[in-house]
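Welcome! Here is a short tour of one structure, taken topic by topic. Have a look at it first, and then read on.

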Amino acid sequence: MLWVTGVGVRALALCASMCRCRRSRWEANYARYLNWLIAHTDEVISWEFEAEHFEFTKIKKGTKFYTPDFRVHLKGDAIEYHEVKGWRHPKGETALKRMAKYFLYIKIVVVDAEWFKAVKRQGLPSMIEGWE
């Protein structure tokens with residue numbers, strides 16, 4: 001059973017037992033992790049992939065838009081946006097800085113190599129079906 005809603009067709013392909021992100025293995029594994037949290041905790045209620053786009057209307061050139069990888073619905077009606085980052089490129093860094101400046105009330109969680117290393121040390125991948 002999948003708890004994914006609002007999935008971007010170009011980015012995710014669904015198979016019978018698990019979702020697979022076509023952009024990166026890290027995004028696919030993070031989606032599996034979110035599904036695991038839904039099944040085993042009460043922290044995460046649901047999530048959506050690339051569900052919302054933010055526009056920096058005061059910006060005239062450069063990075064004017066940002067689309068977080070995951071919109072995560074938490075218990076208590078809270079929403080966070082999670083961004084999986086394999087490497088830090090200038091455009092992505094600019095978008096994150098602009099989010100902090102223009103959307104102060106939005107919480108962005110960056111999931112990077114350190115997060116994946118920590119999860120691996122904890123042995124979590126062996127508990128999550130389909131982890132690549």
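Two residues are said to be in contact when they have heavy atoms within 4.5 Å. Please keep in mind that this is a predicted model. The points below start with a loop residue, then turn to a pair of strands and finally to a pair of helices.

**A loop residue and its partners**
- Lysine 75 sits in the loop that links strand 7 (70-74) with strand 8.
- Setting aside neighbours within four places in sequence, lysine 75 is in contact with Asp42, Glu43 and Ile45.
- Valine 44 is 31 residues away from lysine 75 along the chain, yet the C-alpha atoms of the two are separated by 6.1 Å.

**Strands 8 and 9**
- Strand 8 (residues 79-84) and strand 9 (residues 108-111) run parallel and are joined by four bridges.
- Within this pairing, histidine 82 has valine 109 of strand 9 as its bridge partner.
- Together with helix 2 (residues 90-102), strand 8 and strand 9 make a β-α-β unit, and this unit is right-handed.

**Helices 1 and 3**
- Helix 1 (residues 25-40) packs with helix 3 (residues 113-121) at an angle of about 55 degrees, and their axes are 12 Å apart.
- Helix 1 and helix 3 are therefore oblique to each other.
- Their crossing is left-handed.
- On the helix 1 side, the contact is made by Trp26, Asn29, Tyr30 and Tyr33, while helix 3 supplies Ala113, Trp115 and Phe116.
- Of the residues in this contact between helix 1 and helix 3, six are nonpolar, one is polar and none is charged.

Methods: Residues are numbered from 1 along each chain as its sequence is written. This is a predicted model: local features need pLDDT of at least 70, side-chain atom pairs count only at pLDDT 80 or more; totals for chains, interfaces and linings use all residues. Side-chain values use heavy atoms; hydrogens and water are left out. Axes are lines fitted to C-alpha atoms, for helices over the stretch in contact, and angles run from 0 to 180 degrees between N-to-C directions. Helices (H or I, at least four residues) and strands (E, at least two) are DSSP runs, numbered from the N terminus. Angles under 35 degrees count as roughly parallel, over 145 as roughly antiparallel, 65 to 115 as roughly perpendicular and the rest as oblique. A crossing is left-handed if the near helix is turned anticlockwise from the far one by less than a right angle, and right-handed if clockwise. Ala, Val, Leu, Ile, Met, Phe, Trp, Tyr, Cys and Pro count as nonpolar, Asp, Glu, Lys and Arg as charged, and the others, Gly among them, as polar. Two strands pair if DSSP finds at least two bridges between them. A crossover is right-handed if, with the strands pointing away from the viewer, the path from the first strand over the helix to the second runs clockwise.
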